[in-house]
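This report takes up the surroundings of a ligand, the packing of the chain, and a few of its helices. Please read it alongside the sequence and the structure shown here.

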Amino acid sequence: MVLKRSFLNKEKTMLSVTCKAPVNIAIIKYWGKRHEELILPINDSISMTLGTNELCAKTTITASEKFQHNRMWLNDEELLFEEDSRLMRCLKGVQRLAHINGSQEASLCWKVHIASRNNFPTAAGLASSAAGYACLVYSLARLYGIPLTEELTTIARQGSGSACRSLFGGFVQWHRGVLDDGSDSVAEPVASAQHWPNMHVLILVVNDERKKTSSTTGMQRSVTTSQLIQHRVDKLVPERIANLKKAIKARDFQSFAEITMKDSNQFHAIALDTYPPCVYMNDVSHAIVNFVHTYNKTTGTVHAAYTFDAGPNACIYVLKENVAKLLAAIQKVFPTDSIDTVEYLRGLAVSPESNIEK
Ligand code: DP6
């Protein structure tokens, strides 16, 4: 979503753009790369992007002919931008695409200063890198006047794999692709948020510290040491992707929930099958899993579906009509010191393109 794009001076030598991008919550997890630099995954994944008022990255990029270097600040701390290969690949990738698209923007030759902020804990398993890189790539695209296309997702993917899914709202599939150059490893919308507007997500923040093993390191280790991962990739994920798409299309929460929980469990089983193991969930996370299964049993039908990324925090998919009852049950079972915040997020996502200020 573009908040602002304007020249900061009369001479038009300083252009600035501000955008926002939300996190996405993986339903079928991406875990493992077939190419480290291009960030090509070993399996397809599907996620849901949250709304732009929720867990978001907000990025302002200013380009000026007066700037000497490309620089970036994340949550007010400066990063070594020009030494960071992922950040540089995103910048160069969008500039190359702008050239190919015939962009005449003078700003293409100028250096950039980038300031980005997350309105939630960074690197605590809440998909901060997904929102951050999606926002960076989208802001660069708006800066150079190029549209949001599947090709743009191949650039966001090279910042952080999961970022490519945050460029679109609603339910999004990231295709693993088969080509060596990664040009077919793109993100594609499966269904818009409006297709299933009562789909909501609760985020239970168990712990907002930085995770011990990053997703990048964890998945590298899984690919080289897990004996289960190949079976997941070859046999289980393709069927799961097809069934999940069917469930989304039919707005079938029962099937959606079962696939979501099973895939979260399988991803953490692979993490534990990694050597040395990656332990992302803690005792509270496991208590949440037990709680959800017990809760679903008492309601007589599946009302809630948990999923955990590379951290202990739980994301719970739940339909709007069941949120209040579920929230009350959570607050009864979990003492406030085991879960810092219980945030209720409307899962209604908005496609970035639909919000552009003209
Ligand atoms: C568990 O996208 O953060 O959240 O591509 O190395 O930057 P890199 O990894 P990243 O991994 C996300 C892993 C996950 C599952 C998912 O989002 O699909």
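## The ligand shell

In the classes used here, Ala, Val, Leu, Ile, Met, Phe, Trp, Tyr, Cys and Pro count as nonpolar, Asp, Glu, Lys and Arg as charged, and the others, Gly among them, as polar. On that basis, the shell around the ligand in this predicted model is made up of five nonpolar, seven polar and two charged residues. The ligand is surrounded by 14 residues, of which A26, Y30, S160, G161 and S162 are the closest.

## The chain as a whole

Eight helices and 16 strands make up the secondary structure of the chain, and 48% of its 358 residues count as buried. Among contacts between residues at least 6 apart in sequence, 72% join residues that are at least 24 apart.

Setting aside its neighbours within four places in sequence, I316 has contacts with V201, L202, L204, V292, A304, A305 and Y306.

Helix α2 runs over residues 128-143, and its 16 residues reach 22 Å from the first C-alpha to the last, close to the 22 Å expected at 1.5 Å a residue. Because 16 of the 16 residues of α2 are buried, this helix is largely enclosed by the rest of the structure. α2 is followed by G145, which has a positive phi, near 70°.

## Helix α1 and its cover

Helix α1, spanning residues 85-100, also has 16 residues, and from its first C-alpha to its last it reaches 22 Å, close to the 22 Å expected at 1.5 Å a residue. Its buried residues are L87, C90, L91, G93, V94, Q95, L97 and A98, and what covers them includes β8 (71-74), α2 and α3 (150-156). As a general point, an α-helix has 3.6 residues a turn, so residues three or four places apart point the same way. Just after α1, G102 adopts a positive phi of about 75°.

## A position in helix α6

K262 belongs to helix α6, which covers residues 253-273. Is K262 buried or partly exposed? With 14 other C-beta atoms within 10 Å, K262 is partly exposed, since a residue is buried only if 20 or more such atoms lie within that distance and exposed if 12 or fewer do. K262 lies 241 residues from A21 in sequence, and the two are 28 Å apart in space, C-alpha to C-alpha.

Methods. Residues are numbered from 1 along each chain as its sequence is written. This is a predicted model: local features need pLDDT of at least 70, side-chain atom pairs count only at pLDDT 80 or more; totals for chains, interfaces and linings use all residues. A residue is near a molecule or strand if its C-beta atom, placed from the backbone, lies within 6 Å of it. Helices (H or I, at least four residues) and strands (E, at least two) are DSSP runs, numbered from the N terminus. The expected span of a helix is 1.5 Å times one less than its number of residues. Two residues are in contact if their C-beta atoms, placed from the backbone, lie within 7 Å.
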